[in-house]
Amino acid sequence: MKLYSYVVEHDNGYGPNPYFRSCTLCRCKEGRKNIVELAKKGDWIVGTGGANRRKSAGHGKLVYAMRVDEKLTRGEYFADSRFAEKKPVKTSTYEHTRGDNERPRNDCERKQSALVSRHFYYFGANAIDIPGEFDLEKKGPGFRSHFDPEDIRRFVEWLEKECKYKPGKYGEPCYQEPVDKPKGSKRCK
């Protein structure tokens, strides 16, 4: 089991996407060596707050943590009916507009990965303090993944047993981008 830590600079509900009973990370952390491509089933992803307090939770805060339950290709993710609600809709609820399950445009995108978790803790704007005993915060670009296995075990134990939260979503994103509202007819009331 590995733990990957990175800064969620723009916590807007897209990456990570904590909606519809699962947390997904897809099309995030672009580049060849990135968390989405490197992580495996059973690994943990931790997103910490960024410096811009209007778009993220701030340093020292846990925005989310997710255990990777499935790793799919983006082609598999898009085709899987379990994730139909995660397909973006331009004029709908905020949750639907944040969909990260976009149709891959080419063969390269079809082979990229999507990480899925049903065992996640998403805090968003209600981000919690990271206890000082855990040195897992990453500041700046990139990610950290070289953690002592005992430190990972202690963090997961704290999260799952000592922390007062059960897996799930405990807040909305720090920054909600404006969305187009569906336009309805005034005649049909």
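Lys and Arg count here as positive and Asp and Glu as negative, with His and the chain ends left out. On that tally, the chain of this predicted model carries 39 positive and 28 negative side chains. The centres of the two sets sit 6 Å apart.

As for the overall build, the chain holds ten strands and five helices. Its radius of gyration is 17 Å, close to the 16 Å that the globule rule gives for 189 residues, so the chain is as compact as a globular protein of that length. Along the principal axes, the C-alpha atoms fill a box of roughly 60 × 35 × 30 Å. Buried residues make up 47% of the 189. The accessible surface of the chain comes to about 10300 Å², and carbon and sulfur atoms account for 49% of that. Looking at contacts between residues at least 6 apart in sequence, 77% join residues at least 24 apart.

Now to the inside. The largest nonpolar core has 19 residues, and Leu 62, Phe 155, Trp 158 and Leu 159 have the most contacts inside it. At least two residues of this core come from each of β3 (44-49), β4 (61-67) and α5 (149-162). The largest share, five residues, is supplied by α5.

Notes: Residues numbered from 1 in each chain as written. Predicted model: local features only at pLDDT ≥ 70, side-chain atom pairs only at ≥ 80, totals over all residues. Heavy atoms only, no water. Core = buried A, V, L, I, M, F, W, Y, C linked by side-chain atoms within 4.5 Å. Buried < 20%, exposed > 50% of the residue type's maximum accessible area, 1.4 Å probe, protein only. Helix = DSSP H or I, 4+ residues; strand = E, 2+ residues; numbered from the N terminus. Rg over C-alpha atoms; globule rule 2.2 N^0.38 Å. Contact = heavy atoms within 4.5 Å. Areas by Shrake-Rupley, 256 points an atom, 1.4 Å probe, with all protein chains shown as cover. Charge placed at Lys NZ, Arg CZ, Asp CG, Glu CD.
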